[in-house]
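I opened a new notebook page for this one. My plan is to look things up bit by bit and jot down what I find.

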Amino acid sequence: MADKVKLFVNGQEVEVESGKNLIDAIGAVGIEIPHLCYHPALGADGNCRMCLVGIEDGRPPIVPACKTKAAEGMKVLLDADHIKKIQHDVMELELINHPIDCPICDQAGECKLQDYYMKYDGQKSRMTVKPVMKAKKLDFGAGVVHDQERCILCARCVRFTRQITKTGELGIVNRTDYARVNIFPGRPLANRYALNVVDLCPVGAMTSSDFRFKQRAWFLTKSPSICQGCSKGCNIFIDHNREKYKDDVIYRYRPRLNEKVNGYFICDEGRMTYKAENDNRLTTGIVSGKETGLSEAVEATRRLISEAKKTVFLVSPNNTLEQMYAIKAFAAEAGAALSGFSDGYIQEGDADGYLIQDDKSANRASFELLGIEGSKDGFDKAVADADLVISFNNDLSKSLAEADLNALLEKAQLVYIGTSLGTCASKAAVALPIASYSEDCGSLINIDQVLQQFAVAVVKNEPAANLIEVVQQLGGSVAGVKEARAGLMESVAALKDVNLEEVPEEGIALTDNEVSNVAA
Amino acid sequence: MSGKVKIMERRGKDLYERVYLIEVFKGMATTFGHFLRNFLDNSKLLVRHYPEQKPEITARWRGRHRLTKHEDGSMKCVACFMCQTNCPAKCIMIEAGERTDGRTEKMPVRFDIDLLECIYCGYCVEACPMDAIRMDTGIFSVTGNERESFVMKLEDLLATPGAFSEEEYKKGGA
């Protein structure tokens, strides 16, 4: 733990961490200092002047909180009249040319200008001259739409492209009333993290063309979850809403702070994976090309298992730890071979050393933990004399060429227990719908061996059964997530000291040693 | 709630009233008295000939909704969802889209008001920042044969004109 220092805020003594600036230090104990340009990931810039605070008996007596370190005995003034006047005047300055088009602005409802206006300003504009008109709806590329009129020139987006992505596409050109955030002519935003500027922008100057006008921010339910676009396991908010007479639909993903995993940002591809949760979903059971209910499909699968001479269970690297445990237990009981073959989920050379990883599956690290074999050889050996392959949400068409898949399906029947329509669902003898990760809960282990958990976010009007339920209906013995967790803690050495029922929000780092011991 | 309590004496106990027929005839006398008077001269009727004779509606009356337009005919609504947010009956359903008529950026592509669910409270009118929705059509009776016909679409709402002049409407307190 960092050292603590004692200081006074408005005469009240508080104990804060030393070495941090005043915004972060005092913010950690629940006292907010208003700020627009400062962002913990981008550092202090000091251009907005909104965070000016008074220091009693200090020289200088007024300092920007974002650039001032918390020090012992400091007497910070936040509610003095001269500080209030500064906050009020800064807000008035920011709003001089602001178009106040909140009715058509996607940021409305989560906008710093709106919040601070209500808190620190609250007066009518005194401007009598015409506001400066600027360009609106500029396409900055990568799905970012810029509105220069709404911009307050805090330069968060500019600093993001310079410091984080190091691509530097954005800059502020000209000065005073002519100052604009802009791209260089003919060189739009072209990095894989560009949409983070939409979240970074404290106002509505940067909006996402994908989310544009889809929903108002206050309608959205913000459920914490984990992105399953790759093996990084970035923390996200799933913003979803059930409109009247409609189903619960996801409208966007936003990054959620986790210092140990992804920091403040997520990549654009991961952000767009929400579409797979909404569209092209398998919703009914399919038995030999005909749509049926779940129970008929389960019945057909049970019959296939009992008739089969040899069955292979194909686990997906996107299954949660609990699901894998349930499938593994079921495989042992049913005498089936187990494989985690899923080479198609890996895109060699796609990783960029920051957040994006080669492996586009969320939980491959759990294979090692549970001793599930994922190699091509192992799979070939297992299916060589098999006449039934049950895929647990493993999209085999990603890993096998079409000819190979067809050759495999000639000698063996396929049961696809999955979330999405596609090649597997259409070629399967039986397809069973299950809940996808946004509708399910479980634990994941990311590529850096951090174990994280996510909870149910979306509840559909007609919820699909989750995978563990389906496995149980097929004859598995694990009754639910709770039982799976108890079994995991008992049987897996690396999880002996881990309480899977109480995983902290930032996850648990499983040390490499423990995991490699288990795998060996 | 401490009001003055007046205890009414229960009638119908004495013999005169218990004979019953006398009271019946007294009642019928009143009825036939009205009937004869109205039959001979109906200019002094105490009730309105409703379907033929419509009541006079004031500008403040909250009738069926309409969406207003700018002078050039483009709709004022910018799909800000304030009315939908404010609606206590949740009867307004909006879908927003890109604006195509050259004004600003946003407009509704779908704007449904379910009149069977609407409670005519007028909160939508109060919430609107653009004066785009009003309840000044003077329509107080909406009839239909199936439920779907009570869902007012964007076109229906735009097509209905206001029943009052701007001055009258403003005088009404808007």
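This is a predicted model: local features need pLDDT of at least 70, side-chain atom pairs count only at pLDDT 80 or more; totals for chains, interfaces and linings use all residues.

**Entry 1**

Strand S22 (residues 450-454) of chain A is joined to S23(A) by 2 bridges, and they run antiparallel. My note on terms: helices (H or I, at least four residues) and strands (E, at least two) are DSSP runs, numbered from the N terminus. Two strands pair if DSSP finds at least two bridges between them. The open sheet has 3 strands in the order S21-S22-S23 of chain A, with antiparallel pairing. Strand S21 (442-445) and strand S23 (508-509) of chain A are the edge strands, and each pairs on one side only.

**Entry 1: chain A as a whole**

I counted up chain A next: 17 helices and 23 strands. The C-alpha trace spans about 85 × 50 × 40 Å along its principal axes. Chain A has 520 residues, and 44% of them count as buried. Buried means that 20 or more other C-beta atoms lie within 10 Å of a residue's own; exposed means 12 or fewer, and partly exposed is in between, with C-beta atoms placed from the backbone.

Then I checked contacts, where two residues touch if their C-beta atoms, placed from the backbone, lie within 7 Å. Among chain A contacts between residues at least 6 apart in sequence, 66% join residues at least 24 apart.

The domains of chain A are domain 1 (4-94), domain 2 (129-208), domain 3 (220-278) and domain 4 (285-519). Those bounds come from an automatic or database domain assignment. I noted 42 Å between the C-alpha centres of domain 2 and domain 4 of chain A.

**Entry 2: the cores**

Which residues touch the most other members of the largest nonpolar core? They are Val197(A) and Phe313(A), in a core of 134 residues. I had to look up the term: a nonpolar core is a set of buried Ala, Val, Leu, Ile, Met, Phe, Trp, Tyr and Cys residues joined through C-beta atoms within 7 Å. Helix H9 (residues 321-334) of chain A gives the most to this core, 7 residues.

Leaving out residues up to four places away in sequence, Phe313(A) touches Ile327(A), Ala331(A), Ala336(A), Leu338(A), Ile390(A) and Phe392(A). There is also a second, separate core of 28 residues, and Leu67(B), Met75(B), Phe81(B) and Ile92(B) are among its members.

**Entry 3: one side of a helix**

I picked helix H11 (residues 376-383) of chain A and found Phe379(A), Ala382(A) and Val383(A) buried. They cover an arc of only 85 degrees around the axis, so they sit on the same side of H11(A). The arc is that of the directions from the helix axis to the C-beta atoms. The buried residues of H11(A) pack against strand S16 (311-315), strand S17 (337-339), strand S18 (388-392) and helix H13 (402-411) of chain A.

Most residues other than glycine have a negative phi, and most peptide bonds are trans. I went looking for exceptions. A cis peptide bond joins Arg59(A) and Pro60(A), with omega about -5 degrees. Pro60(A) is in the loop between strand S3 (52-55) and strand S4 (62-64) of chain A.

Asp57(A) lies in the loop between S3 and S4 of chain A too, and its phi is near 60 degrees, a positive value. Is Asp57(A) buried or exposed? With 8 other C-beta atoms within 10 Å, Asp57(A) is exposed.

**Entry 4: chain B**

I finished with chain B, which is divided into domain 1 (15-44) and domain 2 (66-171). Their C-alpha centres lie 50 Å apart. At the meeting of the chains, 13 residues of chain B are in contact with 9 residues of chain A. Strand S2 (residues 92-98) of chain B gives the largest share of chain B's side, 3 residues.

Conventions
Residues are numbered from 1 along each chain as its sequence is written. Chains are lettered from A and ligands numbered from 1 in the order in which they are written.
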